[in-house]
Protein chains: 2
Amino acid sequence: MLKSGPSSIDKFLLRKVREVVGDAPVRFVYGEANGDGVLPFQKESVDTMFIADRRALFELAAYPEVGFGDGYASGKIRIGGDLVRLLESLFYAIERKKNESWYQRAWARWQDWHQDNSPEGSRRHIHHHYDLTSDFYGLWLDARMVYTCAYFPTPSATLEEAQLAKMDHVCRKVQLQPGDDVIEAGCGWGSLALHMAKNYGVSVRAFNISKEQIEYARARAKAEGLAGRVEFIEDDYRNIKGRCDAFVSVGMLEHVGAEHYKELGNVIHRTTGDSGRGLLHFIGRAKAKPFSRWIRKRIFPGAYAPALSEAQEVLEPWNYAVLDVENLRFHYAKTLEHWLNRYEQSVSRVAEMFDEEFVRAWRLYLAGSLTAFRVGSLQLYQVVFAGSAYERIPWTRDFLYRGSKQTKEEPRWIHAMS
Amino acid sequence: MLKSGPSSIDKFLLRKVREVVGDAPVRFVYGEANGDGVLPFQKESVDTMFIADRRALFELAAYPEVGFGDGYASGKIRIGGDLVRLLESLFYAIERKKNESWYQRAWARWQDWHQDNSPEGSRRHIHHHYDLTSDFYGLWLDARMVYTCAYFPTPSATLEEAQLAKMDHVCRKVQLQPGDDVIEAGCGWGSLALHMAKNYGVSVRAFNISKEQIEYARARAKAEGLAGRVEFIEDDYRNIKGRCDAFVSVGMLEHVGAEHYKELGNVIHRTTGDSGRGLLHFIGRAKAKPFSRWIRKRIFPGAYAPALSEAQEVLEPWNYAVLDVENLRFHYAKTLEHWLNRYEQSVSRVAEMFDEEFVRAWRLYLAGSLTAFRVGSLQLYQVVFAGSAYERIPWTRDFLYRGSKQTKEEPRWIHAMS
């Protein structure tokens, strides 16, 4: 606690912070005191950000996003009130202002230049995130360990139901037929590959560079008696060879990096040719913008969420026609609500596995992602595509909605439900 | 008829033509004779192209697409067999070869440079096509005069039913609510604007630079008692002012020209802001490529069908998120089948209105477009978008398919039906 109140340096830094967050309804308390150091120029606020010391304050002022993320993770920045609501109001206020200083931009540029999505870089990045142990993810994912946006036929569906519905939505969209050979690029813990083989009569070769995930998936295939029809391969998407009828990738494009989209397209064309079809499911943007700096630094090194025009670089050079794009942004917000709730129920276990800093960093990552999908800073696109010689294009999309649980209800609007 | 058979110049030109069309199953007959002049190096063929004289042959060899189009229109090139089937086999053979010579490419480049989509150029282009008289279009369009891709809930729907279904599909996709103000950019003869006002309780301001279409639409609004709720305005999309809740444009983007997409996006943002939503319905491509040279020269000056990544230049600069993309390519092929059939039944009337050359040119335009959609050289995209503050995003797309006629049937595949 600072006995004498903030110094003139501290006041300058606090003013800088206030400039960044604009008119967001946030109260800043410096010195981590119980109400000490409240600055007089603040209006009535809902949530409070407690900043422990000058170093945390300086980093917040100089590199707001990373400064906040690291400060929150280290415990030097604490939040009084609701984290998601605070992040939401910060987002809107910063959007209204759009006031990055030259040094923030320069620093961001430097960071953006140093993103490495080569095969070696990718392996490092994926290891950083996905090899954290299956036990950890098992604490807050659904029973099938699906670590991508779910599809909620109704918003009250459980996470388990919604992940199952997502897998069926994907399988129907790519019109799997018994006997099809499917390649899955980036298969996580294997749930989609196993689901396709088990329920759609297809053979799957599923690729992933996370050693721990592949081992987990192989054990599942064996346990479920599907090892003959699902092959889990620990390799980079760039090394995928052979032929297939359908190419599916759910939640991998985010890790590919925009400069490698043509390589991914090349792999898709090499394996499916002009008569193939496929689906890309990925986190994207309405407008091109780098991924959150803090998340890239601490959680997802190498991540990039493309605008649709950028993602088209995978498909257009090979003359793949887009058949269908669906935006599931609110489904990801709902998925993240479930994950965050489950995560909070397991934090003591997470703290035992790692430490308190890890607990806070991952809370912020989940809450920040939830906010980003809710406010529309991130989108979730499912893109169905087909080559010019693909012959089973459906006449309408009606078949995706047969037997839907909502058929007799009125349309539901997102904002009536949140 | 050439008594002595083709000269060595003719043989050279015929060889050039054969090089262009590759292994297409087409028989060439030079001199418009009944079987004379068949070249010995041809394999068994289905359809026959009769070429009357050296000038037509030269133009076919030098500028294949325009040479064929102009030759067909003038009657110097005649087709024995089925025009659509011939065009289809030419398309596939040329796709396989992709062998434009340097002078074909240079000439095409020159043509592409000289496309003028300024307000004056646009007015000239639109006049060229759409002011051909409503009587002419009335011979082969549906009763409501809808001159864009229809939506066939089932492939056996009539053209009238399918145009009605298309208008409802569009209205549901943009979630029209009673009281909404709608702007329509490029309104044709006014059918969609009138349909929206009549059936969805909205007010519409509809823009078009075709004087004849606007006058026709105004008369319809008056006759249907809708003049108070639909205003038809003869003006360029760049001059649209005021505010609206939803922005709809069906079949105009093709005439905007890629270099003006940002201007269109500016108009959309100026009128709908961040809380608006809208729909763009347009002819596009899987991969960027200039529009058919002959069609631009003779039928649609200034036309360009964008790849999705290009069309995103309308939306991404303004942070509009894509909610839904549907590809209705086969619905346009079906629409064109209907138009071509009706057109063929009216050719004597068309010849009275214009002349035989016009009859043939428009037959080729309709048959060529039908082929392009069938083989996948052209696509038809419906793109639904919304600003970040739009609050009524539907939870799923299920609501588009309520009460669909197909609900109890098995999925239908395109190729099983054609």
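These are my notebook entries on a predicted model with chains A and B.

**Conventions.** I count residues from 1 along each chain as its sequence is written, and chains are lettered from A and ligands numbered from 1 in the order in which they are written. As the model is predicted, local features need pLDDT of at least 70 and side-chain atom pairs count only at pLDDT 80 or more, while totals for chains, interfaces and linings use all residues.

**Confidence.** I looked up pLDDT, the predictor's confidence in each residue, from 0 to 100. Chain A averages 87, and 86% of its residues score at least 70. Residues 33–44 of chain A fall below 50, and this stretch has 19 contacts in the model beyond near neighbours in sequence. Residues 405–411 of chain A also stay under 50, with 9 contacts beyond four places in sequence. I count a contact when the C-beta atoms of two residues, placed from the backbone, lie within 7 Å. Where pLDDT is low, the predicted coordinates should not be read in detail. For the complex, the predictor gives an ipTM of 0.89 and a pTM of 0.90.

**Domains of chain A.** The bounds come from an automatic or database domain assignment: domain 1 is 8–99 and domain 2 is 119–417. I read 34 Å between their C-alpha centres. In the contact list, 13 residues of domain 1 meet 17 residues of domain 2. On the domain 1 side, helix H3 (64–74) and helix H4 (83–97) each supply at least two residues. Helices (H or I, at least four residues) and strands (E, at least two) are DSSP runs, numbered from the N terminus.

**Where chain A meets chain B.** I find 42 residues of chain A in contact with 42 residues of chain B. On the chain A side, helix H14 (308–315), strand E9 (321–327) and helix H18 (414–417) give two or more residues each. E9(A) gives the most, with 7 residues. I then checked the strand pairing, for which DSSP must find at least two bridges between two strands. E9(A) and strand E9 (residues 321–327) of chain B are joined by 3 bridges and run antiparallel. Asp324(A) has Glu326(B) as its bridge partner in E9(B).

**A residue to look at.** Which residues does Met196(B) touch, not counting those up to four places away in sequence? I list Cys171(B), Leu176(B), Val182(B), Val202(B) and Val204(B).
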